[in-house]
Amino acid sequence: MEFAGALRQAIQASGLTLERIRHRLGQRGLTVSVATLSYWQRGRSRPRSRAVVTTLEEILQVPAGTLTELLDDPTPTAPPVRGGPGRGGLAAGTAGAGDRGRAAGDLWPDPDRYAFLVAQLDRSGDHRLERLGIHDVYRLDDVRRTWTLSVRTVLRAAGDDIDRVVCVHQTGPAKIDSGVDGQGPAGASAAGSESGGLSGGGLGGGAGGDVELTGVRYCRPGRIRAEDGLMAFELVFDRVLAAGDTAVVEYELGPADGAQAGAGTVGIGGGGGWSADGYERRFSHPVHDYVAIIQFEGGRLPARCYGFTADTSGAPRRRLGELWIGTSGSANLAVGNVRRGIVGIEWEWH
């Protein structure tokens, strides 16, 4: 959980009232009102003093770092793995408060382009959403030479008046531009396209070039931005959330109508052979439960399949172990209590 949820749990587990916590902080020379403590645990505001949060950890008797690591711009904590996106697979992530800092940007191969795209979207409620679960199903089809991605995300509001979440996907090889200065590529206008309805058989009208948002459930698409293999979009909930409310959103990505996953996109490389060799998700927020399923359709199976983690886009990969490819032609990876970093599946073809 992010800070508000972790603080709320720690307070509940301690059995202390907010007034008692305020009193114990005062004994240590720290003045924090009961109202402020209430705002912190509800996600209405965040502490500005790390010293206060360190003292809270002592008073609530939780391990050092339990709360301080969840303050803004934390360091990714997933174990290390090599190469980042752009190896032929599809990468995904969920944008949030930490994304405004370099820590989240380091999860992507082109941090400046990432920052440029997500800055055009409304992330005001992202830091007040707890990620209870994310389930990805990535399908590779060697008959139609294409791929699809289905995502289900379960969220819980840690504050009031939250109506959307922002998602980010890498849909093709990154194109690093030396002209990027944090405001976008030199001479570029607003990236991608924007759509709130059906267009050309999909949602977003091919916002990702050869990739589009092909369907959503339990929500509707908001603004969509895409550029050079990176796609970011808003999902607007079917109601405005209050603190404690939950929301489930589902969406699908795939090649735009008439497009195959060929060179420069995801799935099939030039020359007609499979080049896709991995799928990875980037976590800028903690997630309670993450499941990734890779479905190899069309009868062709890879020789071996592995789970892996990484701290950042450029960090070395560390394999978690070999994954069994069952008679259904699928492999899965389930991870609990993911903090920050990259988790994924990679495979080797015969």
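Predicted model: local features only at pLDDT ≥ 70, side-chain atom pairs only at ≥ 80, totals over all residues.
Local features need pLDDT of at least 70 and side-chain atom pairs count only at pLDDT 80 or more, while totals for chains, interfaces and linings use all residues. Residues are numbered from 1 along each chain as its sequence is written, and side-chain values use heavy atoms, with hydrogens and water left out.

**Overall makeup**

- The protein has six helices and 16 strands, where helices (H or I, at least four residues) and strands (E, at least two) are DSSP runs numbered from the N terminus.
- Of the 350 residues in the protein, 54% are buried; buried means under 20% relative accessible area, exposed over 50%, and partly exposed in between (1.4 Å probe, protein chains only).
- Among contacts (heavy atoms within 4.5 Å) with a separation of 6 or more, 75% come from residues 24 or more positions apart.
- The accessible surface is about 14500 Å², and carbon and sulfur atoms hold 47% of this area; accessible areas come from the Shrake-Rupley method with a 1.4 Å probe, and for residues only the protein chains shown count as cover.

**Helix H1**

- H1 (residues 3–14) has 12 residues and spans 16 Å from its first C-alpha to its last, close to the 16 Å expected at 1.5 Å a residue; the expected span is 1.5 Å times one less than the number of residues.
- The buried residues of H1 are Phe 3, Ala 4, Gly 5, Ala 6, Leu 7, Ala 10 and Ile 11.
- These buried residues pack against helices H2 (18–27), H3 (34–42) and H4 (50–60) and against strand S2 (129–141).

- In S4 (residues 162–170), eight of the nine residues are buried.
- S4 pairs with strand S9 (residues 230–241) in the antiparallel sense over eight bridges; two strands pair if DSSP finds at least two bridges between them.
- Val 168 is opposite Ala 232 in S9.
- Seven of the eight residues of S16 are buried, so S16 is largely enclosed by the rest of the structure.
- Strand S11 (residues 278–283) runs antiparallel to S16 and is joined to S16 by six bridges; Phe 283 has Gly 341 in S16 as its bridge partner.
- Strand S13 (residues 304–310) also pairs with S16 in the antiparallel sense, over seven bridges, with Tyr 306 opposite Glu 346 in S16.

**Aromatic rings and charges**

- There are eight aromatic pairs, counted when rings of Phe, Tyr and Trp (its six-membered ring) have centres within 6.5 Å; planes under 30 degrees apart count as stacked, over 60 as edge-to-face and the rest as tilted.
- The rings of Tyr 138 and Trp 347 are tilted, because their centres are 6.5 Å apart and their planes lie at 40°.
- This pair links Tyr 138 in strand S2 with Trp 347 in strand S16 (residues 341–348), 209 residues apart.
- Tyr 138 is buried at 0% relative accessibility, and Trp 347 is buried at 4%.
- The rings of Phe 296 and Trp 349 have centres 5.9 Å apart and planes at 85°, so this pair is edge-to-face.
- Phe 296 is in strand S12 (residues 287–297) and Trp 349 in the segment after S16, so the pair ties together parts 53 residues apart in sequence.
- Ring pairs join Tyr 138, Trp 147, Tyr 279, Phe 296, Trp 347 and Trp 349 into a cluster.
- The charged end of Arg 317 sits over the ring of Phe 308, 4.0 Å from its centre; a charge sits over a ring if NZ of Lys or CZ of Arg is within 6 Å of the ring centre and within 35 degrees of the ring normal.
- Arg 319 lies over the face of Tyr 306, 3.6 Å from the ring centre.
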